Structure formats: C-alpha cells, structure tokens
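Subject: Structure for your review

Hello,

Here is the structure we spoke about, with its sequence. My notes on it follow below.

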Amino acid sequence: MSTQPTSAGTSSDAPVKLNNPKPVPKPGTWISAAIVAVLGAMFVHALLTNEKFHWDTVWFFFREVHVVRAVGITLVLTFLAMLIGIILAVTTAVMRQSSNPVLRWVALAYLWFFRGTPIYTQLVFWGALSALYQHLSLGVPFGPEMLTFETKTVFSPFIAAVLGLGINEGAYLSEIVRSGLASVDPGQSEAAGALGMSKGKILRRIVLPQAMRVIVPPTGNETISMLKTTSLVLAVPYTLDLTFVTNSYASSTYQTIPLLIVAALWYIIITSILMVGQHYIERYYGRGFDGRSASTGSKRGLSARQQAILDARTTTDDPFLEVTP
C-alpha cells in the first residue's frame, strides 16, 4: 500500500520564510540628501581653497610636541576630574536616600553651593586657596592639631584644577545618579532584602547595574563637556592645557585662526573617540531593554536562541509571533 506524502511532511522540509516587504519609494528623502551633499561639498571647498586659513601652519602645530603634550594633559585632567565627580556623585546620591537627616542635608548643601556658583569662580577660589590659608591642618576643631602642612606645597595648580573640576562635576552627576537609582523598581530592592541581602550588596548587585542604563548616556555627555571645560583651568591658574598652549602660540606667532583650528581639531578627535566608547557602553548596559537582537545575523529583532530555533526548521510556524488571544 503506497502512502502519499502529507502536507505536514512537505511543509516541514520547506524553509521558514519571513516577510520581506519592499520599502516605499521616498524621492523627497533622496532630494534632501542631494541638497545636503551639495551644501557640504561647497563648505569643504570653501575651507580648503581659502589661503587665509594657512593649512600648512595648522598641520605644523597640530603635531608640535608641546601641543601634543597639552592634549595628553587635557585628557588626564578630564579623566581625574570625572573620576572624582563620579565618586562624589554616587556618594551624595546615596546620602540623599539615607534615613539620616544629617547626611541628607549635607548632600543637599553640597549640591546647592556647587551648582549655584559658576565653575570659573570656583576655580579662582581653588587657585587662591594658598593665599587664603597659608597652612592647613588636621585635628580636633578648636583643639590640638595633629597634622599641619603648607598649602602651596600640597595644592599645586594641577591639583587645584583637578579638585575644582571634579568637585563641581560631582554636584551635576549626583542628580544623574539619583535619577538612575530612582528608575529601578523599588520592589526589586525589597525582594533582595527579603532574601537577606545587605543594603550595600543590594546597591552593588541589584540597583546600580540596572540604573547604569539611565546613568551612562548623560554621564557620557558630561564627560565630553568636561573635556572642553578644562579650557577654564587658566583661572587657577594652570597653563599646560590644550587651550592655553594654542592661545600662547597664537599670541606669539599672530596666527590666531590656524591655532584655533588646531585646538578645535584635537577636541573634535577626542570627542569622536569618546562618543564611540559611549555608544558601546550604552549598548552593553542596554541589553534586554532596547529591543534589538543580541546577534547581528538575526531577523526581526529575535534573540540568537529564537533565531536558532527558526533556522533548525523544527516547526512549521514562527513560534515567536505576537498573537492576541
């Protein structure tokens, strides 16, 4: 007795085909793109053909040793200031959620003062600290001093610049961290506490990893902003950053525009690198929230496991279709 192949058997051998609709033609988009491309080409042509920009001078000072060293110092200032700012931000954000009123009011006073005064004014005061206090000491208030040191030997212009930038930045980052912590469902902390986890472990293992999805994007913007805020350390005064070095060369060579272009190019290069790093950090902490696939070869935003099930052809239908009963 011969058996005929069933439809189920035939369909089981056929590959799973997903819809592949063709995009609707959008001539307006292509016309707009052509206009933008023409305007961009005109802008580049105007830059390269104008001899007043002195591109040979730009290229010379772009790789000049003192300028390159100033770039490195600017990066160090940015990194150290952001490190201090992040530590202060996490600390004050946790203090604001504390049940102790003293800790809450200290955190609020810190935010009130450093967010309420300009960064330039703060840097001036940090630079004048050695003139205001020739000696600093540690000990009992209105009592004996256990450790005394000379202010100008400890608070050098570099240290004053780093502290001024970092402490100011911590006040702004604190609100970012606080909003990130508030974005996590408090029920998760309650569940972790019911399992016997301490508050510190709940913060490190439960709250902060999820809050990073909200904290990272604005923190990346603050890092880029800090890179350019380092140009204000002249108020300390600190004179080895990129802006001051290029301005010094501009004053001595009377080539203001070329030296401004040198500084702008270096800032753009560093900012571009920071933006790429921010993108990958955001993608890392955004896993499971952005709706994108974990595999680059998957279709329709499916995970690698879901796509593997489809590719195995063990089912005739797509088991991951959204069906409303």
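Which side chain meets that of arginine 178 in a salt bridge? The partner is glutamate 175, at 2.9 Å from N to O. Please keep in mind that this is a predicted model.

Arginine 178 and glutamate 175 are 3 residues apart in helix H9, so about one helical turn separates them. Glutamate 175 also forms a salt bridge with arginine 96, at 2.4 Å from N to O. Together, Arg96, Glu175 and Arg178 form a network of salt bridges. The whole structure has 2 salt bridges.

On accessibility, glutamate 175 counts as buried because its relative accessibility of 19% is under 20%. Arginine 96, at 25%, is partly exposed, and so is arginine 178, at 32%.

Glu175 also belongs to a helix contact: in H9, Glu175 is among the residues that meet Tyr110, Leu111, Phe114 and Arg115 of H5. The residues of this contact divide into 6 nonpolar, 3 polar and 2 charged. Helix H5 (residues 101-116) and helix H9 (residues 157-182) pack at about 115°, with axes 9 Å apart.

Last, the nonpolar core. The largest one has 34 residues, and Leu77 and Leu165 have the most contacts inside it. H9 gives the largest share, 10 residues. Beyond its neighbours within four places in sequence, leucine 165 touches residues including Ala81, Ile119, Leu123 and Met226.

Regards

Definitions and conventions
Residues are numbered from 1 along each chain as its sequence is written. This is a predicted model: local features need pLDDT of at least 70, side-chain atom pairs count only at pLDDT 80 or more; totals for chains, interfaces and linings use all residues. Side-chain values use heavy atoms; hydrogens and water are left out. Axes are lines fitted to C-alpha atoms, for helices over the stretch in contact, and angles run from 0 to 180 degrees between N-to-C directions. Helices (H or I, at least four residues) and strands (E, at least two) are DSSP runs, numbered from the N terminus. Contact means heavy atoms within 4.5 Å. Ala, Val, Leu, Ile, Met, Phe, Trp, Tyr, Cys and Pro count as nonpolar, Asp, Glu, Lys and Arg as charged, and the others, Gly among them, as polar. A nonpolar core is a set of buried Ala, Val, Leu, Ile, Met, Phe, Trp, Tyr and Cys residues joined through side-chain atoms within 4.5 Å. Buried means under 20% relative accessible area, exposed over 50%, partly exposed in between (1.4 Å probe, protein chains only). A salt bridge is a side-chain nitrogen of Lys or Arg within 4 Å of a carboxyl oxygen of Asp or Glu.
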